[in-house]
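I opened the model to look up a few residues, the pocket and the aromatic rings. My entries follow in the order in which I made them.

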Amino acid sequence: MAAFVPGLAFAAAIGSGLMAGLFFVFSVCVMRALSRLPAEQGIAAMNAINVAIQNPLFLVAFMGTAILGLALIVAAFIMGERGSYLLAAGGLAYLVGTFLVTVIFNVPLNDALAAARGEAAAALWQQRYLTDWVRWNHVRTIASIGALALFVLGLARS
């Protein structure tokens with residue numbers, strides 16, 4: 001198992017970096033741009049993004065990194081070697097701060113936005129989506145960057 005850990009950690013670092021970049025772009029410009037549009041246009045654009053993002057490349061990066069993070073947590077407790085606990089911390093940061101936050105907070109808001117119509121959609125957009133969804137996206141951004149840093153540090157100490 002020890003022979004596979006550096007490769008798993010390298011792949012997890014790449015995946016975390018990809019997710020950090022995606023979430024960062026949403027936090028610093030995409031959501032700001034969408035918030036400047038009339039509500040119905042911002043909603044339509046966000047719904048289109050939420051459909052388009054569900055593709056194999058995104059799912060490999062997002063889900064694959066979660067699986068790699070879990071594998072690194074398990075490996076750390078089995079091996080207990082120098083650097084392995086940093087890799088486990090990276091896996092935990094990604095699983096909790098990126099994967100679970102997405103599943104528990106961002107996806108339900110995406111689903112609610114897709115289902116809402118008319119004034120209810122505009123109210124959801126203005127009152128919750130542009131605040132709550134964005135706030136949780138900031139959490140995902142920070143968690144993904146933290147996971148990336150921990151994976152790199154763990155690799156350096158392995």
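**Entry 1: a cut-off, then Ala88.** I count a residue as buried when its relative accessible area is under 20%, and as exposed when that area is over 50%. The model I am reading is predicted. I looked up Ala88 and got a relative accessible area of 8%, which means that Ala88 is buried, as 8% is under 20%. Ala88 belongs to helix H4. I then listed its contacts, leaving aside neighbours within four places in sequence, and found Leu72, Ile73 and Ala76. I also took the C-alpha to C-alpha distance from Ala88 to Leu70: 7.9 Å in space, for 18 residues in sequence.

**Entry 2: the whole chain.** I counted 5 helices and 0 strands in the protein. Read from the N terminus on, the elements run α-α-α-α-α. The C-alpha trace spans about 55 × 25 × 20 Å along its principal axes. Of the 158 residues, 40% are buried. I took the contacts with a separation of 6 or more and found that residues 24 or more positions apart account for 80% of them.

**Entry 3: Ser27 and Asn137.** Which side chain does the side chain of Ser27 meet in a polar contact? I found the side chain of Asn137, at 2.8 Å. Ser27 sits in helix H1, which covers residues 5–35, while Asn137 sits in helix H5. I checked accessibility for both. Ser27 has 9% relative accessibility and therefore counts as buried. Asn137 has a relative accessible area of 1% and is buried too.

I listed the contacts of each, not counting residues up to four places away in sequence. Ser27 touches Arg32, Asn137, His138 and Thr141. For Asn137 the list is Phe23, Phe26, Ser27 and Asn106.

**Entry 4: aromatic rings.** I searched the whole structure for aromatic pairs and got 8. For Trp125 and Tyr129 I noted ring centres 5.4 Å apart and planes at 20°, so this pair is stacked. The cut-off behind that word is an angle under 30 degrees between the planes. Trp125 and Tyr129 are both in helix H5, 4 residues apart, or about one turn of the helix. I found Trp125 buried, and Tyr129 as well. One aromatic cluster takes in Phe26, Trp125, Tyr129 and Trp133.

**Entry 5: the largest pocket.** I looked for empty space last. Rolling a probe the size of a water molecule over the atoms shows where such space is left. The largest pocket holds about 390 Å³ of space. I found 22 residues in its lining, and the closest to its centre are Asn50, Ile53, Gln54, Val107 and Asn110. Which elements give two or more residues to this lining? I noted H1, helix H2 (39–52), helix H3 (56–79), helix H4 (84–115) and helix H5 (118–157). H4 gives the most, with 6 residues. Sorted by type, the lining has 13 nonpolar, 7 polar and 2 charged residues.

How values were computed: Residues are numbered from 1 along each chain as its sequence is written. This is a predicted model: local features need pLDDT of at least 70, side-chain atom pairs count only at pLDDT 80 or more; totals for chains, interfaces and linings use all residues. Side-chain values use heavy atoms; hydrogens and water are left out. Buried means under 20% relative accessible area, exposed over 50%, partly exposed in between (1.4 Å probe, protein chains only). A polar contact is a pair of N or O atoms within 3.5 Å; within protein, one must be able to donate a hydrogen and the other to accept it, and residues adjacent in sequence count only if both atoms are side-chain atoms. Contact means heavy atoms within 4.5 Å. On a 1 Å grid over the protein atoms alone, a cavity is a set of points where a 1.4 Å probe fits but cannot get out, and a pocket is an open set with protein on both sides within 12 Å along at least five of seven lines; lining residues have an atom within 4 Å of a point. Grid points are joined across faces, edges and corners, and a volume is the space filled by probe spheres set on the points. Ala, Val, Leu, Ile, Met, Phe, Trp, Tyr, Cys and Pro count as nonpolar, Asp, Glu, Lys and Arg as charged, and the others, Gly among them, as polar. Rings of Phe, Tyr and Trp (its six-membered ring) pair if their centres lie within 6.5 Å; planes under 30 degrees apart count as stacked, over 60 as edge-to-face and the rest as tilted.
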